[in-house]
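This report covers the overall build, the nonpolar packing and the charged pairs of one protein model. Please read it alongside the sequence and the coordinates.

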Amino acid sequence: MNRKFLYLPAFLVLSLALAVGTEAHVGHDKKEAAESEAPAAQESIYGTGETPEASEPEGLGSGSPFSRTDLSGKEPALPDGDLPEAEHGEPIMPQVKIAQHSMNPPSRKGYGVAVGITVLSGLGFGLLTLKRPRD
Amino acid sequence: MAKSVTETIKERLGLQLLEYDIEEHANSLRYSLGGMTLTSFVVLVITGILLAQFFVPDPERANQSVHYLVDQVYLGWFLRGVHFWAADVLTVTLLLHMVRVFFTASYKKPREVNWLVGVGLLLLMTSLIFTGTVIKWDQEAYEALAHFLWVAERLGPLGVPLTEEFAQGVPLLTRLYMAHISLLPLITILLLGLHLFYIKYHRLSPLPQASEPPKVMKFTRHIAYLQWSGVGIVTLICVLALLIQPPLGDKPVLGLEVTKPPWQFVWIYALENLWVPFLIVAPPIIVLALIAVPFVDRSEERYWKQRPLAMAILALTLILFIGLVLWGKFTTMTHSM
């Protein structure tokens, strides 16, 4: 019976070990994210008014860089020899920031409710640990 | 009165059919790993349905819609976190389940078909994790898809359905989204049903070292145990989602290869660093080896101490897998496709 109380912390440690140091990529840090939240609310992607101008596709689609035939006739994103140049003539490579797992700040929308859901789930687990129906 | 209501409901719903005898050792952590994996899958389906309300499967807006969900939608960050961590927890419990099945030789007669169904489920979960990684359409997603298409283009006619050539003008991202929310979950649920049927049909595999008939209990007691472990899994997922935000980048810079894949795939990244064609060669070799297991190991022995070769292969495989994951995590890319 006592061993069961170790299961949840053991899984937690195992999963956190997987998460530590895992890297992906992101294009903005927390400060920029905080600043970008307001503009995102104004420039809603669910605009009900004007039809947004159709932008030329950059990703997959008719002008996909993966297509053997570039149907749009667009030049590839990084054409050879066409990179913008710095002052001394060296090409400027696009910067891609590496993203990482980060801690969720309490300022997240609905953080209190999320805490409540988690606590409820934990209480349920504790109750079932102490007293399992039909067991 | 309460008892008569309960009895009435049981009779109307046929719940008394669940009160059949099963082996008592089912109520142990190692024999419930499959059930925990199923719990994570259910969480993924529920959160996936909710996430789909906010996702735009168009290459121009996919990444933006995920950022909108995380930054603007009430509890959107938590929803995405639960979905992400449920996938990670599922991977861990699924792999532990596979190790347990191999360790206890539960793939042996008469359970060979269920092992094969399990291999099918492993492939489906891998595909779901891959497509889920791609549809958020950041740099990591783009490079994952680029590697996938590199392999698909080298498979000749077999790879055409997996490329844009199959449906020109339809974004591949949209097709992958369809696969992620429809085709792959549908096949997964069918195979899960088959998997559970065969567990019921062949009964739970006996303890390898048991010399006497197993003790039995009612299946409803096992359901209670699975409820407990399932709530534990849900709690773990919620804690992770509450604390740790999954990574999410901006729209990709096309033509660059600078990211590493998620940990579930970083082992093949390490192999690719050794020799790029491993991308094509390694997965079919692994799948064929898994399929061959119950047909190569046909002895009746199931106790691990009496199976030194099998245990050596298991240990070697685990060491190799963990080693490749660690090496892939810390190594620097030395090639470009």
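## Overall build

In chain B, 52% of the 337 residues are buried, where buried means under 20% relative accessible area, exposed over 50% and partly exposed in between (1.4 Å probe, protein chains only). The model is predicted, so local features need pLDDT of at least 70 and side-chain atom pairs count only at pLDDT 80 or more, while totals for chains, interfaces and linings use all residues. Residues are numbered from 1 along each chain as its sequence is written, chains are lettered from A and ligands numbered from 1 in the order in which they are written, and side-chain values use heavy atoms, with hydrogens and water left out.

Chain B holds eleven helices and three strands, in the order α-β-α-α-α-α-α-α-β-α-β-α-α-α from the N terminus. Both kinds of element are DSSP runs numbered from the N terminus: helices are H or I with at least four residues, strands are E with at least two. The radius of gyration of chain B is 22 Å, close to the 20 Å given by the globule rule for 337 residues, so the chain is as compact as a globular protein of that length. This radius is taken over C-alpha atoms, and the rule is 2.2 Å times the number of residues to the power 0.38. Along the principal axes, the C-alpha atoms of chain B fill a box of roughly 65 × 55 × 40 Å.

Of the contacts in chain B with a separation of 6 or more, 83% are between residues 24 or more positions apart; a contact means heavy atoms within 4.5 Å. The accessible surface of chain B is about 16,200 Å², and 71% of it belongs to carbon and sulfur atoms. Areas come from the Shrake-Rupley method with a 1.4 Å probe; for residues, only the protein chains shown count as cover.

## Nonpolar packing

A nonpolar core is a set of buried Ala, Val, Leu, Ile, Met, Phe, Trp, Tyr and Cys residues joined through side-chain atoms within 4.5 Å. The largest one has 66 residues, and Phe78(B), Trp115(B), Leu145(B) and Ile237(B) have the most contacts inside it. Helix 5 (residues 112-135) of chain B supplies the largest share of this core, twelve residues. A second, separate core has 13 residues, among them Val266(B) and Val325(B).

## Charged pairs

The whole structure has ten salt bridges over all chains, each being a side-chain nitrogen of Lys or Arg within 4 Å of a carboxyl oxygen of Asp or Glu.

| Pair | N to O distance |
|---|---|
| Glu23(B) and Arg203(B) | 3.3 Å |
| Lys251(B) and Glu60(B) | 3.5 Å |
| Glu140(B) and Lys136(B) | 2.6 Å |

Glu23(B) lies in strand 1 (residues 21-23) and Arg203(B) in the loop between helix 7 (172-202) and strand 2 (216-218), so this pair ties together parts of chain B that are 180 residues apart in sequence. Glu23(B) is buried at 7% relative accessibility, whereas Arg203(B) is partly exposed at 37%.

Lys251(B) and Glu60(B) are 191 residues apart and link distant parts of the chain. Lys251(B) is partly exposed at 32% relative accessibility, and Glu60(B) is buried at 18%. In the remaining pair of the table, Glu140(B) is buried at 8% and Lys136(B) is buried at 9%. Salt bridges also link Lys108(B), Asp297(B) and Arg307(B) in a network.
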